[in-house]
Amino acid sequence: MAHGPAKGLSRWLFTTNHKDIGSMYLWFSFAMFIIGGIFALVIRAELFEPGMQIVDPNFFNQMTTLHGLIMVFGAIMPAFVGLANWMLPMMIGAPDMALPRMNNWSFWILPFAFFMLLSTLFMPGGAPNFGWTFYAPLSTTYAPESVTFFIFAVHIMGASSIMGAINIVATILNMRAPGMTLMKMPLFVWTWLITAYLLIAVMPVLAGLVTMMLMDIHFGTSFFDAAGGGDPVLFQHIFWFFGHPEVYIMILPAFGIISAIIPTFARKPLFGYSSMVYASASIAFLSFIVWAHHMFTVGMPIAGELFFMYATMLIAVPTGVKVFNWVATMFRGAMTFETPMLFSIAFVILFTIGGLSGLMLAIAPADFQYHDTYFVVAHFHYVLVPGALFSIIAAVYYWLPKWTGRMYNEILGKTHFWVAFVGLNVTFFPMHFAGLAGMPRRIPDYHMMFADWNMISSVGAFIFGASQILFLYIVLDTIFRGKKATDRVWENSEGLEWTVASPAPYHTFSTPPEIK
Amino acid sequence: MATSEGNYYVPEQSKLPLLASIGMFLTVFGASAWLSGVTTSPLIVAVALFVFAAALFDWSRRLTIVAGIIMFVVVSAASETLSNLLTGPMVFALGGLAFAGVIWNWFSIVIRENIAGLNSPQLKRSYVWGMGWFIFSEVMFFAAFFGALFYVRTLALPWLAGEGHGAENVLLWPGFEANWPLMVTPDMAVHGDAANVTGPDQSMSFRDAASLWTWLPFWNTVILLASSVTCHFAHSAIKKNARKPFNVWLGVTIVLALIFMTLQAWEYVIAYRDMGLTLDTGIYGATFFMLTGFHGAHVLLGTFMLAVMWFRSVLKGHFSSEDSFGFDAASWYWHFVDVVWVGLFFAVYIFG
């Protein structure tokens with residue numbers, strides 16, 4: 001197995017190497033992040049002032065829809081899969097993923113799926129304009145023609161996710177080096193195992209849902225049409241049965257990343273390892289029984305409202321365990337504040353803010369006030385941006401020296417952090433206020449009374465967007481000009497990935513390492 | 001390289017993933033264009049086919065560039081003619097063929113690798129995990145449709161008929177009554193003969209115990225359950241290296257599967273021709289045909305898998321007591337399809 005990578009383009013097109021595939025996932029994710037970000041900036045530019053300025057309302061709706069879909073399915077999820085590809089085999093002492101060819105297939109479906117999704121922008125009637133949650137009948141009876149392309153794009157990106165998840169489960173359960181027992185696995189491996197299980201459980205439900213849409217649109221069925229005895233609310237139940245676990249699919253791997261980074265820079269072992277594992281499993285279980293908290297105002301029996309309210313509030317317990325453990329890990333540690341650590345600390349603080357606003361939304365009677373306002377937008381952006389996204393960026397800074405063999409520029413990294421940190425809070429914090437004052441989501445124009453907060457949000461959004469260009473520069477600068485990194489990279493880094501050379505050889509662990 | 005597990009076999013580079021992705025893309029792209037009636041640029045399809053061919057036939061860099069330029073010019077110039085040629089159904093068919101071809105090759109390569117002894121015990125375990133979790137994902141796919149049926153029957157229809165605290169019934173669908181099977185849709189209750197969405201004339205539900213012996217779904221259940229048993233006999237046979245009983249029992253399983261599908265098709269003919277029960281007869285027709293239809297599609301796939309295994313055994317002498325994963329996986333899939341049918345039999349037919 002001495003052979004290295006193949007030459008030229010075929011290395012990437014035909015590869016079966018987990019590191020190559022991981023890199024492709026990460027670059028693809030970054031490209032989607034930029035595209036989804038541009039869509040977000042179109043939204044923020046339109047909302048800079050009240051009144052209609054730049055785009056027409058239908059196009060505005062297409063932007064909100066595509067921004068959500070691209071960021072969830074194109075940016076966050078593939079980035080985590082890319083990190084899993086790069087790191088899981090190295091963390092468990094395996095030579096590669098369990099099913100290397102299927103691994104590359106999972107990746108190569110994605111560019112086609114997103115090409116198909118984005119091509120709808122150029123079709124008659126425009127792209128999907130019904131929001132990323134695509135509620136029926138907006139997405140069926142009143143949808144643009146391009147909805148069929150959207151449906152099939154979701155089908156194949158779902159197939160990609162399921163295959164990727166099956167591969168990850170098989171890798172973790174079957175490819176661990178001798179002596180790597182389950183409770184010795186790094187938490188990133190644990191959280192990905194649980195995430196993969198969630199993916200296999202809910203992506204088929206999404207496939208079933210879009211199939212029902214397809215049948216309603218083209219074959220005359222009445223799943224979501226009350227005239228034939230169906231129910232549009234059925235759509236929402238099935239969607240959120242997928243959608244809520246999906247939310248945890250986007251945050252559980254983040255928990256794993258933060259649990260790797262904080263001990264390194266606090267120079268202490270992770271506090272409460274096993275409780276972290278059990279908390280992750282509890283969160284995954286609870287994610288299946290809370291979905292209707294997205295639908296409090298849709299009309300549900302009071303027993304349903306109460307059940308979903310209490311079940312949702314229960315999630316705060318395992319999540320609180322995690323936050324407590326991270327803080328306890330840092331407590332009296334010998335902390336230093338390199339870029340990955342800055343992003344991780346910001347994660348702990350800002351994700352907790354997002355979690356707390358989630359608790360507010362979980363209270364059914366209060367939710368009647370918050371529902372479909374900018375408060376909700378602020379809430380889920382606080383869990384997804386400083387949550388999922390910051391963890392991904394932290395992971396890139398943390399492992400980039402291992403991937404490239406070169407160190408990033410610390411000053412630039414910290415600059416990136418502070419600009420992003422300020423930009424993000426300036427963007428999303430005012431949305432809480434606008435939302436509590438009653439500003440609805442998904443509108444291109446608004447009342448004068450919301451003007452100030454919106455202007456601040458828009459300025460923040462452009463600052464945040466600009467900081468990501470700096471991120472791209474830093475990564476390229478590291479790859480081409482960075483200083484040589486040591487094998488261990490960080491002073492207190494623990495785990496098998498730090499025992500191999502930097503950059504990690506093309507094939508690692510063709511002989512299983514010894515696990516202490 | 002030597003490990004306690006033997007050699008780790010990491011396959012060399014493979015064209016299969018990219019080719020399969022292109023095939024899959026063309027299939028769904030064509031299907032989308034076909035169903036939606038949107039005309040797409042022929043350049044998209046041409047580029048996809050071009051990359052497919054270049055990868056498949058290992059074109060040199062120079063040839064790829066030259067041919068690419070020519071392709072681009074020709075397709076751009078003949079855009080109009082090509083758009084008439086590369087219609088939705090055409091692209092769907094081309095993509096489907098390419099996709100099926102790649103998958104066929106993929107499986108045959110995997111089988112060849114296994115026979116050549118390249119698969120370590122560890123990789124074989126990975127295949128087992130893979131198949132197991134794939135079946136779990138299929139279970140969740142059916143769960144979506146069973147969930148829809150349950151929700152509509154026990155919650156949505158009674159609410160639509162005025163149960164609970166809603167006011168919708170009086171305002172939107174006065175006179176609608178919740179029944180299952182739903183023969184009178186809300187649309188019919190309000191608009192009578194002018195209704196757009198009408199219910200079926202008859203349903204497939206079980207009526208009385210006396211008619212059980214002449215009731216098609218009952219015999220379908222008997223046949224499918226029997227096929228699961230014969231499939232298990234085949235499994236036991238191969239575990240004892242008994243080739244002949246294996247071939248016979250597997251053959252019987254496939255014959256039973258074909259009878260099941262024939263009867264199922266016959267049931268659809270009766271539904272459409274005699275019972276006025278079609279896909280567009282409200283929520284009853286929708287759930288009936290989607291549940292039984294997707295089950296039927298899975299039976300078709302399962303039968304195809306079993307048939308491939310049968311030919312492999314009869315023609316090529318594959319499988320032994322030590323190494324029968326291909327058949328094992330197909331048989332698990334078959335048992336899964338069977339279990340879904342039992343769920344269907346009760347939820348759709350008996351208590352339907």
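Visitor: Which residues does H295(B) touch, not counting residues up to four places away in sequence?

Guide: Before reading any contact here, keep in mind that this is a predicted model. In it, H295(B) touches F142(B), L224(B), F260(B), V337(B), V340(B), W341(B) and L344(B), once residues up to four places away in sequence are set aside. The histidine itself is found in helix α11 of chain B, which covers residues 282-316.

Visitor: Is H295(B) buried or exposed, and what lies 2.9 Å from a polar atom of its side chain?

Guide: H295(B) counts as buried, because its relative accessibility is 1% and the cut-off for buried is under 20%. As for the polar atom of the H295(B) side chain, the backbone oxygen of V337(B) lies 2.9 Å from it, and V337(B) is also among the residues listed as touching H295(B).

Visitor: How is chain B divided into domains, and how far apart do their centres lie?

Guide: Chain B is divided into domain 1, residues 16-119, and domain 2, residues 130-350, and the C-alpha centres of these two domains lie 34 Å apart. The contact between them takes four residues from domain 1 of chain B and four residues from domain 2 of chain B.

Visitor: How should I read the area buried between the two domains of chain B?

Guide: The size of an interface is often given as the accessible area lost when the parts come together. Between domain 1 and domain 2 of chain B that area is about 310 Å², with carbon and sulfur atoms giving 64% of it. On the side of domain 1 of chain B, the residues that lose the most area to domain 2 are W104(B), I111(B) and N114(B), which together account for 82% of what that side buries.

Visitor: How many salt bridges and polar contacts are counted between these two domains of chain B?

Guide: The count of salt bridges between domain 1 and domain 2 of chain B is zero, while one residue pair is found in polar contact across their interface, both residues being at pLDDT 80 or more. The residues of domain 1 of chain B that touch domain 2 divide into three nonpolar, one polar and no charged.

Visitor: What are the corresponding values for chain A and chain B?

Guide: Here 73 residues of chain A are in contact with 72 residues of chain B, and the area buried between the two chains is about 6300 Å², of which 76% comes from carbon and sulfur atoms. F14(A), R101(A) and W105(A) supply 13% of the area that chain A buries against chain B, more than any other three residues.

Visitor: Which residues form the salt bridge between chain A and chain B?

Guide: Side chains of opposite charge can pair when their charged atoms come close. The count between chain A and chain B is one salt bridge, and in it E113(B) pairs with R101(A), their closest N and O atoms being 2.8 Å apart. The two chains also have eleven residue pairs in polar contact, both residues of each pair being at pLDDT 80 or more.

Visitor: Which helix gives the most to the side of chain A that touches chain B?

Guide: Helix α6(A) gives the most to that side, with twelve residues. The residues of chain A that touch chain B divide into 48 nonpolar, 19 polar and six charged.

Visitor: Where does P204(A) lie, and what is it in contact with?

Guide: P204(A) lies in helix α6 of chain A, and, leaving aside neighbours within four places in sequence, P204(A) is in contact with I162(A) and L199(A) as well as with S137(B), M140(B) and F141(B). P204(A) is buried, with a relative accessible area of 4%.

Visitor: How many salt bridges does the structure hold over all chains?

Guide: The structure holds ten salt bridges over all chains. One of them joins the side chains of R11(A) and D20(A), at 2.7 Å from N to O; R11(A) is partly exposed, with a relative accessible area of 22%, whereas D20(A) is buried, with 2%. The side chains of E491(A) and R267(A) also meet in a salt bridge, at 2.8 Å from N to O, and this pair links distant parts of the chain, 224 residues apart. Of these two residues, E491(A) is exposed, with a relative accessible area of 62%, and R267(A) is partly exposed, with 23%.

Note on methods:
Residues are numbered from 1 along each chain as its sequence is written. Chains are lettered from A and ligands numbered from 1 in the order in which they are written. This is a predicted model: local features need pLDDT of at least 70, side-chain atom pairs count only at pLDDT 80 or more; totals for chains, interfaces and linings use all residues. Side-chain values use heavy atoms; hydrogens and water are left out. Domain bounds come from an automatic or database domain assignment. Contact means heavy atoms within 4.5 Å. Buried area is the accessible area (1.4 Å probe) that two parts lose on being put together, summed over both. A salt bridge is a side-chain nitrogen of Lys or Arg within 4 Å of a carboxyl oxygen of Asp or Glu. A polar contact is a pair of N or O atoms within 3.5 Å; within protein, one must be able to donate a hydrogen and the other to accept it, and residues adjacent in sequence count only if both atoms are side-chain atoms. Ala, Val, Leu, Ile, Met, Phe, Trp, Tyr, Cys and Pro count as nonpolar, Asp, Glu, Lys and Arg as charged, and the others, Gly among them, as polar. Helices (H or I, at least four residues) and strands (E, at least two) are DSSP runs, numbered from the N terminus. Buried means under 20% relative accessible area, exposed over 50%, partly exposed in between (1.4 Å probe, protein chains only).
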